[in-house]
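Please look over the structure first.

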Amino acid sequence: MFSIFKAAQLDLLRDRFGLFFLIFFPTILCFLLGTLLASMDNPDAVIEPMTVEYVVEGDSAETQTVVDALIEQFEDVEGLDLVQASSLDAARAHLDAGEITAAIAIEEPFAIRIYEGTDSVQSRAVGAIFTGVARITGSYQALVGHYEQLYAEQYAEQAAAAQAAAAQMPQDEVSGGEASGGETVQDATAGANTPAASADQAAAADSADAAIDVDFSATSLVANKEFGISRTMMDYYAIAMIVMIIFMGGFSGGAMTLYDARRQGTLRRTLASPQSRSSIYVQYVLSWVPANMAQVLVVMLVASLCFGAQYAMSWQDNLLLFVMLFVAGQATTSIAVIIGMFIKRANPSLVLMPLLWVLLFLSGTFNKDVFIAGFSQYLPPYALQSAAFDLTLFGRQEAALVAVAVSAAVFALALAVGTVLFNRKKVA
Amino acid sequence: MSKQTDNSYVTVSGLTKRFGDLVAVDNLEFTVRTGEIFGFLGPNGAGKSTTLNIISTLLDYDKGDIRIAGHDLRREARAIKSLIGLVPQEIALFPTLTAQENVSYFAGLYGLGGSQRKQAVAEALEFVGLAEQAKKRAGKMSGGQQRRLNIACGISHDPQLIILDEPTVGVDAQSREHIMDSIRTLRDRGATIIYTSHYMPEVQEICDRIAIIDHGKLVGIGTEAELLAVVTDVKSIVVELEPQAGLAIEGITDKLGLLPDVRRVIADADGSQLRIDVDLAFSDITPLVKVLMEAGVRVRSFNNEAPDLESTFLALTGRELRQG
């Protein structure tokens, strides 16, 4: 039953050429490019440690609150010390003496004035940091202002509605009733100065909160995601390399499956056995399962163990990444086996390789520093890379799950079509 | 369940196969008897391989009826496949697998498993004299060993019908002798064998009956004696030559071949003998002697011989067996 599968595995393990492309070629690529890319992750200049003295030019409670929050945010940042200076003059004197990196003055309304030191690289870093702080704070203030205005408008609308309702009520009910805490809407809205009216205002505010549902915490404004800041080139390159290898390996190996069996004469002899053609074909295609798993694993492990490449943050996402790349490889193989069925006179691998390179070229790629636009973002190599980065960088599984589903469907369809075609062929 | 009524194991009736406009097999009819070695001869392109591919269930056919061990080939192909052992002309092996693994692979395809398969593999390797090479990779074996392993892969499941397509191509004399002995042993064990070869002496030596086909048609069938009796218009003159250095034997055979009534001239490998097939009416050897003297050939003797199977084949097909 599993004779073909077993023989294919033994053949693969003992075939130097096959082993080279399955294990050594990806490993060598990892080492060559890993070494090369590692140097690209080295900084051009070391900017830390930096000491920045600040002074607060203003005494309002709001400004102090913002400054306290700012200092708190920077407490855990390595390599950057924020120290309060006694005065701007004192800070500038320290700056002139080269004792600190920069001095900043925090002014009212919230604004930051930066006094740069003599080290241009460090000055640019400080400038970038506090420009970012200022921009985010500006955005934050704009947002707060927007919601303040929104609340004010909603409150005004509710108050107007309450007054209108009160105006329509019989006068004796309004004057005769002893207002008591929120018993009825009418009572509550009878007058803004009554306890019932206060309770109603609070309810209206709650209602507005519930309707708008805004979280004003800082993390809601800046999503705490990995945007590549702590990512190395290898993290990106390992995935791009696996995608390239599964397409190369899948196309090349798959197309050669029947060609090799035909060339060795074993196909004809196998077809003369009582095994059904369907069973023979399925075994030939499934015999690539271990190889497709291995070529993904080899790159993932070598890049990770030797060059510290990081993939997803959880083992579940890493498993999903592996499954996605493996199933895509298997789908590629199953298509290539069909193509190889019809290429008898030439080496199918050599015929398909230029087409594969065109496909990879048109698909484009991207990584930490580079974006190469492809012909279409729906081409499989690009779509796979995109899904993989979505999963590893942002923990979003949707694209990966779609890729798994599409690849599995393509694999199943190709297997079915290939089996039908293989059964229809009259000569081995 | 066998549906046979006589001792015919394979019956081919009205077999026709077309490839486009080309009729590769044309209304072919023959039977192979149970337990015989049946020689299947024909020049290249005669339809021999097509016929064997059809019998091996590898190729569909347009018309005709084939029964093997009483089974209809069209309707009971799977049952027939279990009965057949195919030894193709090309070496059909996995070069990276050992002899044992190669035989085990093909035994597995025929449903043998576990200890039964191990035993079958060991017996097949023992049978072809490769028991000691069981762990050796096929790709590392000599041509002769590969040929023998090729046979082992075809017989490990103990088939009733063995199709041997040129099993001795490119092997040394020792391996050839081993293969010939093995084939006889298989026949003696009860297997029916269809055998093709380009070496006429092998066919004469081993086959119980022989069929000759040409252009997809049967042109002769029977025992060697029966086939020789068919051709009565050819005789052979064997010329023994003195050893001579620098003799252009090829030019001489060409000149002799142009003489009237001469059908074929064959020189042996060392140039010490010429075999000249001539029409039965040929009686005056003067033109032959003249050509030989002009070429400076020193002749030891002239002898008349009865036609052999090679002559018969030539007479029936107009081509030599080894011709393209």
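**Aromatic rings and the A–B interface**

Ring pairs join B:Phe30, B:Phe38 and B:Phe40 into a cluster. Rings of Phe, Tyr and Trp (its six-membered ring) pair if their centres lie within 6.5 Å. This is a predicted model: local features need pLDDT of at least 70, side-chain atom pairs count only at pLDDT 80 or more, and totals for chains, interfaces and linings use all residues. Side-chain values use heavy atoms, with hydrogens and water left out.

**Aromatic pairs**
- The whole structure holds 10 aromatic pairs over all chains.
- The rings of A:Phe20 and A:Phe25 have centres 6.3 Å apart and planes at 40°, so this pair is tilted (planes under 30 degrees apart are stacked, over 60 edge-to-face, the rest tilted).
- A:Phe20 counts as partly exposed at 35% relative accessibility (buried is under 20%, exposed over 50%, partly exposed in between; 1.4 Å probe, protein chains only).
- A:Phe25 is partly exposed at 23%.

**Interface of chains A and B**
- In contact (heavy atoms within 4.5 Å) are 24 residues of chain A and 31 residues of chain B.
- The rule finds two salt bridges across the interface (a side-chain nitrogen of Lys or Arg within 4 Å of a carboxyl oxygen of Asp or Glu).
- A:Arg268 forms a salt bridge with B:Glu90, the closest N and O atoms being 3.6 Å apart.
- On the side of chain A that touches chain B, α1 (3-14), α11 (266-271) and α12 (277-286) each supply at least two residues (helices are DSSP runs of H or I, at least four residues, numbered from the N terminus).
- α1(A) gives the most to that side, with six residues.

Technical notes:
Residues numbered from 1 in each chain as written. Chains lettered and ligands numbered in written order.
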